[in-house]
Amino acid sequence: MEAAPPVTARNKRPAREEAHRADAGKKKRSRYEFDDISEYEMLKEIGEGAFGVVAKARDHRTGETVAVKWIRGGLEGNSDGSGLLPAVVREAGCLAACRGHPGIVQIKTVAAGEDTAGNDLYIVMELFAGGATLRSELATRGRPFSEDEARDAMKQLLEAAEKLHATGTIHRDINPDNILAAAGGELKLCGFGCATPARRVRCPEKPVGMLQYCAPEQLFGLSCYGPEADVWMLGCVMAELLAGEALFTATEEDYMIAERINLRDDIVSMGVEAFDETMLDHVSAAGRELLAGLLAFHSDERLTAAEALEHRWFTREEDEEVQEEPPAAVELKFPGFESPFAAPAA
Ligand SMILES: Nc1ncnc2c1ncn2[C@@H]1O[C@H](COP(=O)(O)OP(=O)(O)OP(=O)(O)O)[C@@H](O)[C@H]1O
């Protein structure tokens, strides 16, 4: 057999040039390599993000339709870690860590402008549900989800959270705006702008995430918190699906804290008791029990996403039990007041 020719600078060059051609369109900025946004044709705006719009677009090279999240000034980063670039890198990294899970929107690449003076970045994702979210789905229906529909939705969301947490990521901003919803009932978590690797995070000065869905430990400004915060947020989403309206509605941070920890008067004033009496009557004992487990005030008493998926609300064991005995009251573990998810009077 003939020996392979020695590798020299001369015979290596064609391979290098080929690789270079294959990489054409990819821009290198500092240590990151970005796709070229001019390869994408923007078709129409489908959503609004905190730093720019989200648009439906077509990749000229493949003809594929994608979603492009435009982050104005996304390339700006400072050596101390401030600026948008580290945040975009974190968002893209968290999405990439969850690639392949059906309940999490798939990232394809990060793109930058051809013009080196341009400072914007673009996160390119699979296009899902044309931009429809659980918020828009609830508004369109104008009625709550049935318990079976809510069970199907929560199973998908808890499975997505289980995957997220298993890869070492916390979302920190789960709410109906960050859940894409297809007409057939399929859901995907998106909006990873606040996501972070789940070392016990150092708390920023202001809590991240939509206040109405933030866990008590986020609102308190505890120095660290973990994946339990996502579970709380999923509890808020579950209550909202079943009731057709948000569980917590205040907008000011201080008031939000009062809602969660102060005494009954605050709770009554925000209408949780009315919520209990009228909105959750149709929910089974198992459903209320799961809600209490997701919304346990103390994070160390909260169910994990994996534990929640094992709950009898999903395994349907309660169907037989309910016929034998009335549902037991569920203790929601907020200090200082009774559970808003208590069993209805017999
Ligand atoms: N992959 C996608 N497919 C379809 N629509 C999407 C997609 N990603 C985002 N959208 C739409 O754009 C809206 C805003 O997206 P996103 O939540 O990512 O932006 P943001 O609010 O700036 O981000 P973040 O929540 O990360 O701070 C979503 O509510 C949704 O309507």
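Helix α2 comprises 14 residues (residues 84-97) and should span 20 Å at 1.5 Å a residue, which agrees with the 20 Å between its end C-alpha atoms. The expected span is 1.5 Å times one less than the number of residues; helices (H or I, at least four residues) and strands (E, at least two) are DSSP runs numbered from the N terminus. The model is predicted: local features need pLDDT of at least 70 and side-chain atom pairs pLDDT 80 or more, whereas totals for chains, interfaces and linings use all residues. Residues are numbered from 1 along each chain as its sequence is written, and side-chain values use heavy atoms, without hydrogens and water.

A disulfide is a pair of cysteine sulfur atoms within 2.5 Å; the search of the whole structure finds zero. For Cys194, the nearest cysteine sulfur, that of Cys214, is 8.6 Å away. The sulfur of Cys236 lies 9.0 Å from its closest counterpart, in Cys214, and is therefore too far for a bond. Cys194 is buried at 19% relative accessible area, and Cys236 is buried at 1%.

Strand β3 (40-48) gives the most to the shell around the ligand, with three residues. A polar side-chain atom of Lys69 lies 2.9 Å from a ligand oxygen atom, and a polar backbone atom of Glu126 lies 2.8 Å from a ligand nitrogen atom.

Notes
Buried < 20%, exposed > 50% of the residue type's maximum accessible area, 1.4 Å probe, protein only. Polar contact = N/O pair within 3.5 Å; in protein donor to acceptor, adjacent residues only side chain to side chain.
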